[in-house]
Amino acid sequence: MSVQEYLDKHMLARKIEDAVNAAVRAKTPDPVLFISNHMRKSVPSVITKVKARQILDSRGIPTVEVDLHTNKGVFRASSPSGASSGMYEAVELRDGDKGTYLGKGVSRAVNNINEKISEALIGMDPTLQVQIDQAMIDLDKTDKKVELGANALLAVSMAACKAGAAEKEVSLYKHIADLAGRTTFNVPVPAFTVINGGKHAGNNLSVQDIMVLPVGALRFEEALQMGSETYHHLKAVITEKYGLYGCNVGEDGGFAPNISSLKEGLDLVKEAIGRTGYNEKIKIALDIAATEFCIGTKYDLDYKSPNKSGQNYKSGEDMIAMYKELCEAYPIVSIEDPFDKEDWEHSKYFTSLGICQVVGDDLLMSNPKRIERAMQEAACNTLLLKVNQVGTVTEAIEVVKLAKDANWGVVISQRSGESEDSFIADLSVGLSAGQIKAGAPCRGERLVKYNQLLRIEEELGNQALYAGDDWRNC
């Protein structure tokens, strides 16, 4: 398109004249700035360029970052990545060249953005999120985004969402709420990781995370304070019992003392909560990630202890008995992935007991078909949403709607490989998720999410509704 054709298409000659006249009427002291701002608002924004690059995530592993350009500015987003991936989730495209980043490079995904996706999106209106995401899905042509890579699509989708918010001159969470058809804003209860185990730490603890939920706080600001204070009291408790070496941290920032017993970890957390004085205002959540230590139909809670592994297998029934005992002894209100991802029968039975919230992560993998099956069989009652498992913002919104229509709880979740992108904070408020799992109250890539929630709550003022005791029913 020539310059003249562009001017004619957008009637810019008339709009420039209108801007000059408006500047004269306003008697502005800076007519050039006034005219520039007037033109910026009068000309519809379109995507003019999409540029991707390879960066490193919080684990030092490559991931995809995107700068999406419009005539309103440049909008940046990056894809998170997990320690494990499942067969039912969208596929993260990596290079596989063992000589570069041990095969973890993402130059193929980057090239797909720069050479294919960019061309398809240039000229599109950034406020049309559904059309943008659908254009990428159509370009990929596979159910699991194998061709272009879910990491490529997601980074572009998130950047486009930010551009759409800017075009509408609203905050990102408000734009997301508009896309989802929501008009109220719930600030989520944070699930702070305080002890890491499983694949996220080098200790002998088989379960992946022990978390604290400040459900008794009145505002998110207070919840963040509770989480931080509990974390630092826990550091003191661990130091007293195990020495400074016990305060090494895992990938999510939780402490990783060399313990092998879940009860031992829960005792540490319970003592830390007691020292804060918050007591009943703070509850405990567990991410068991049982798929990681399921062998056939048995569970090996000692799989990380070479001298003990294989000596104490537990059946599904044994695991249920253990969970019952733990929920009676500790203030546990939520258990994520208590069984293997294909152990539907024990998941259904445990959920039917109504002992606590049962969260589906590996069980669901944010996959609509898995979610629908879990709803039909009542195999869990809460969705854990990891945006990179679906691949686009539009699909993330759709699966959350699916969960909410079934009166499920929703947890918006980080991944072990994170960046300084705070997108999921806005997503959790825009979708009124009720819960967010963003790691420990330390480390920059985790705190960027929590600090963004502080800003959102401040901006909302009296409109901010902290999920609190209603964390399951937002």
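Visitor: A disulfide is a pair of cysteine sulfur atoms within 2.5 Å. By this rule, how many disulfides are there?

Guide: The structure is a predicted model, and by that rule the count comes to 0 disulfides. Cys 356, for instance, is in no disulfide; the nearest cysteine sulfur belongs to Cys 327 and is 4.3 Å away.

Visitor: And what about Cys 442, how far is its sulfur from the closest cysteine sulfur?

Guide: The closest cysteine sulfur to that of Cys 442 is in Cys 247, at 11 Å, which is too far for a bond.

Visitor: Back to Cys 356: is it buried or exposed?

Guide: Cys 356 is buried, as its relative accessible area is 10%. The cut-off for buried is under 20%.

Visitor: Which residues does Asn 381 contact, beyond its neighbours within four places in sequence?

Guide: Cys 356 is one of them, and the others are Thr 351, Gln 357, Val 358, Trp 408, Gly 409 and Arg 472. Asn 381 itself lies in the loop between helix 12 (368–377) and strand 13.

Visitor: Is Asn 381 buried or exposed, then?

Guide: Asn 381 counts as buried, with a relative accessibility of 16%. The side chain of Asn 381 also makes a polar contact of 3.2 Å with the side chain of Thr 382.

Visitor: Changing topic to the sheets: how many strands are in the closed barrel?

Guide: The closed barrel has 8 strands, in the order 5-6-7-11-12-13-14-15, and the pairing is mixed. From one strand to the next, the twist averages 25°. Helix 15 (residues 423–430) packs on this sheet and touches strand 13 (382–385), strand 14 (409–413) and strand 15; the direction of helix 15 makes about 165° with that of strand 14.

Visitor: In which sense does strand 5 pair with strand 15, and in which sense with strand 6?

Guide: Strand 5 and strand 15 (residues 434–439) pair in the parallel sense over 3 bridges, and Val 189 stands opposite Gln 435 there. With strand 6 (residues 209–213), strand 5 pairs in the antiparallel sense over 4 bridges. On that side Phe 192 stands opposite Val 212, and the bridge partner of Asn 196 is Asp 209.

Visitor: Why is strand 5 described as largely enclosed by the rest of the structure?

Guide: Of the 8 residues of strand 5 (residues 189–196), 8 are buried, so the strand is largely enclosed by the rest of the structure.

Visitor: What is the strand order in the open sheet?

Guide: The open sheet has 3 strands in the order 8-9-10, with antiparallel pairing. Strand 8 (294–295) and strand 10 (313–314) are at the edges; each has a single partner strand, so one side of each is left without a neighbour in the sheet. Strand 8 is joined to strand 9 (residues 298–300) by 2 bridges, and Cys 294 has Tyr 299 as its bridge partner in strand 9.

Visitor: How many residues lie between strand 1 and strand 2 in their hairpin?

Guide: There are 5 residues between them, and Gly 60 in the turn has a positive phi of about 80°. Strand 1 (residues 47–56) and strand 2 (residues 62–70) run antiparallel and are joined by 9 bridges. Val 50 stands opposite Leu 68 in this pairing.

Visitor: And Glu 65, where is its place?

Guide: Glu 65 is in strand 2, and at 9% relative accessibility this residue counts as buried. The side chains of Glu 65 and Arg 53 are joined by a polar contact of 2.8 Å. Beyond its neighbours within four places in sequence, Glu 65 is in contact with residues including Lys 51, Ala 52, Arg 76 and Ser 78.

Visitor: One last item: what span should helix 16 have?

Guide: Helix 16 (residues 444–460) has 17 residues, which should span 24 Å at 1.5 Å a residue; the end C-alpha atoms are 24 Å apart, which agrees. Among the buried residues of helix 16 are Glu 445, Arg 446, Tyr 450 and Leu 453. Gly 461 follows the helix and has a positive phi, near 60°.

Definitions and conventions
Residues numbered from 1 in each chain as written. Predicted model: local features only at pLDDT ≥ 70, side-chain atom pairs only at ≥ 80, totals over all residues. Heavy atoms only, no water. Buried < 20%, exposed > 50% of the residue type's maximum accessible area, 1.4 Å probe, protein only. Pairing = 2+ DSSP bridges. Expected span 1.5 Å × (residues − 1). Axes fitted to C-alpha atoms, helices over the stretch in contact; angles between N-to-C directions. Contact = heavy atoms within 4.5 Å. Polar contact = N/O pair within 3.5 Å; in protein donor to acceptor, adjacent residues only side chain to side chain.
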